[in-house]
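Open the model in your viewer and keep the selection panel handy. The stops below tell you what to pick and what is there.

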Amino acid sequence: MDTLFYALAVILAGGILPLLLYRQFKVMKAAAVIATVVGSMLGLMALTPALQDTGPPTTTWAWQQFLTLTFSIDSLSVFFLVPIFLICPLAALYGFHYMDKSEEAWRIAVNYCCLSLLIVSMVLVVCADSLITFALAWEVMSLTSYFLVVHEFHKKETRAAGYLYFVFAQAGAMCIFAAFGLIYSVTGSFSFDGLDQLSSPLKLAVFILTLLGFGSKAGIFPLHIWLPHAHPAAPSHISAVMSGVMIKMGIYGIFRFYTLLGDTSMLPGQIILAVGMASGVLGVVYALGKHDIKRLLAYHSVENIGIILIGAGLGMIGVATGNATMAIFGFAGSLLHVLNHSIFKSLLFMGAGAVLQKTRTRHVDELGGLIKRMPTTGRTFLVGSISISGLPPFNGFISEFLIYFAAFQGLTLPGISFLFASLAIISLAVIGGLAAACFTKVVGIVFLGEPRSEAAARASEVQASMTLPLLLLAVLCLVIGIFPAPFVELAFFGLRDMAMIGAIEPGTGQVLISNLAFAARLFLGILLGVTLLRRVLYAGKEIASGPTWGCGFTQPNVRMQYTGTSYAMSIVEFFQPFVSIRTVYSGIRRIFPGATTYETRVDDIAEIGMHRYLLQPLVKILDRLRWIQHGHIQLYIGYIVLTIVVLLLVF
Amino acid sequence: MINLSDAILVLILLSVLISLESNRMMTLVKIMGLQGVMVSLVPLFLEQHQAIGSGGIIFFQIMILIKGLLIPGLLYFAVQRVAIKREVEPLIGYHASLFFGLIMILVSLFITEKLQLTLPGGHSLLLITAITTLGAGLFLMMSRTKAITQVIGYLMLENGIYLIGTALTKQSHTRYVVEFGVLLDVLVGVMIMGIILNNINRAFDDVDTALLGRLKD
């Protein structure tokens, strides 16, 4: 535990140093990056003893008797600490050249400070061992990430996005605190210990409240609205940290409280599974409909949170029905997907950030042909795309396969569980297919073809500090895909301290993993073999290359290419009732038509619904109460007196 | 001695009533000065007080200085500097205010009876005065338009709180340290109020708080 705190101190130093050094721009950034990287390595080192035994004992830190913070590490914490210490230093490194405006030195210093605070608070969330510690760390995490989102606060839309995120984060935190209050009212202590003693309706209430709170952080379906606004607004490496790591804290919360409550009834699993399926399918459908590259990636976060929750839901159903294999593989797949998603999603966000920095546009239809101009970014982005689509030989395949395996185990269950398991399989398949479609769109439009704008044509490769994290993450994707065994073991290890799951049969896991590894390697082998075969067959032949989509025209035009909209619309239209598509088309009315406009946009039904059924009525009611705020100081004082008198009379 | 402390309490009550009834800013400020001195003197003339050490003496002296001289002095300058019209401008008329003051005394009597505290001798009268002062301070804040009267009302409120503290606790040196700290806060508060007053005056050419209503959104 001590090593971990030293690591946190180093990371914190990496946040405070920039504030002091901001006059030397390069030195400041270097100090922040070095401290973050060193601190994270220390942190990873601190985890190694926890891997072997039962982990270090609980650390308690008391201040003035009323504030006692307790920290401990169990296997679940260790698992979630890995992506934190893995992704955050890479993001900090990426930021070295991404934040390149030396005239904004002070603002960038503050950004680094908030980033280090965010890292520290996430670590503390994961290590928290009492309600009050958890709440404190959670709140610090929400606030620092808010400040990171509003980095470019001079833009109006950034402020709006930040505000939206702030509202969702705080509303979510309120739900969590309400659950904590409920627990405290029964147990009378802030300790995590007595939670399994609660009565079952209370357990369900706590579960629902925490699901709302953690769900709004993780971005489960109706509560995901902030994600597609906040991610485009934030700097890209911050998006990578937030999407790759921070929203996983919501998942951690759900896992943690599920373990603590020890509620082994069917309902939590069914709720989580249903929410997961809705988030997964709708997330990817909206992602298809969006053409802002970072917004699209944000919707993919919703989708992947969906996949993670499908795994967790299957695991919970497995626990409820006593099907140990289903439970273990569901949870393990879910955990492994947490790790995998943090890797490939931060890779994708950083890739998108590189594109954004070079072209200054996020709209896919203004890009094109970038793989020729930014080879490293393009190829690593391709790796990330294949991983996120869950295709071998990369890492997304492994974790999704584990979840599939759990779902197929569930097919032996009777009644409603069978239905849930088969629905899970179907939605996983739909998600995988649509994700692949979506990333063929992104890669096809952004990186292949011909540049659609001047900015895209002039793009060049980004600096080393940005390509290095991209390469590292891409290699990690491949390594997990080809050598899955240690990572699946790590996921199993993550489940060790979740008592209700039960021990894994050693045989099944080993065989499955080795088969999985074999399949992935076989796939890679075939891929390499086909490439080699092509080389051999085409050796000595003349290969002519023309412009992409040229199709033999003498004067090809970049507007002949597919656009993102045209590529995706046929799929999006299929999901019509769940997706609202607005089309404005001026039409062709004359024989010699004039200028014609066509505009189409895909709106989020959750956003529309929340605006129409929650926000508008609320504003209407609050408008009626405006007379209370009349601006007369005398009556305001009167309010205060009245409140005090009423309180004195009541209590 | 009891008679002397009762006399002081009566003076405080009278000062409260006069302040409710006075229609000139300057009178109000002067009354506040008197009230401040009286309030600071109360603990000295109470029956129970032990021998006060030299430290205590200095405390009381400084307290009288601040309550009776410094704060009213600041207010005096504020009125001279800022207020163009020297009228108090009440929302509730002077006679009604006076009537409220009298009712407040009765209410405090009622509250003191109702609380059924075991107070040391002579302290029940003190408590009545204290609650009246507190209530009148609140009333003054609510019923006068000018910002300066809000400050004065706040000061009266503070005097009331100080008296309640005196009434409810046994006299001891340490309590006055706390009280002294509060007093310094009030002093700073008055200074800040002065700055705000100046700003309000500059922005609106008046210190009528009704004008602040324009700032709401």
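Select helix 2 (residues 25–52) and helix 4 (residues 105–127) of chain A. They pack at an angle of about 5°, with their axes 10 Å apart, and are therefore roughly parallel (an angle under 35 degrees). Axes are lines fitted to C-alpha atoms over the stretch in contact, and angles run from 0 to 180 degrees between N-to-C directions. Helices are DSSP runs (H or I, at least four residues), numbered from the N terminus.

This is a predicted model: local features need pLDDT of at least 70, side-chain atom pairs count only at pLDDT 80 or more, and totals for chains, interfaces and linings use all residues. Residues are numbered from 1 along each chain as its sequence is written, and chains are lettered from A and ligands numbered from 1 in the order in which they are written.

Next, select helix 11 (residues 293–321) of chain A. Its 29 residues reach 42 Å from first C-alpha to last, close to the 42 Å expected at 1.5 Å a residue (1.5 Å times one less than the number of residues). Of the 29 residues, 28 are buried, so helix 11 of chain A is largely enclosed by the rest of the structure. Buried means 20 or more other C-beta atoms, placed from the backbone, within 10 Å of a residue's own.

Now pick helix 18 (residues 464–482) of chain A. Its end C-alpha atoms are 26 Å apart, which agrees with the 27 Å that its 19 residues should span. Buried residues here include A:M466, A:P469 and A:L473.

Note on methods:
Helices (H or I, at least four residues) and strands (E, at least two) are DSSP runs, numbered from the N terminus. Angles under 35 degrees count as roughly parallel, over 145 as roughly antiparallel, 65 to 115 as roughly perpendicular and the rest as oblique. A residue is buried if 20 or more other C-beta atoms lie within 10 Å of its own, exposed if 12 or fewer, and partly exposed in between; C-beta atoms are placed from the backbone.
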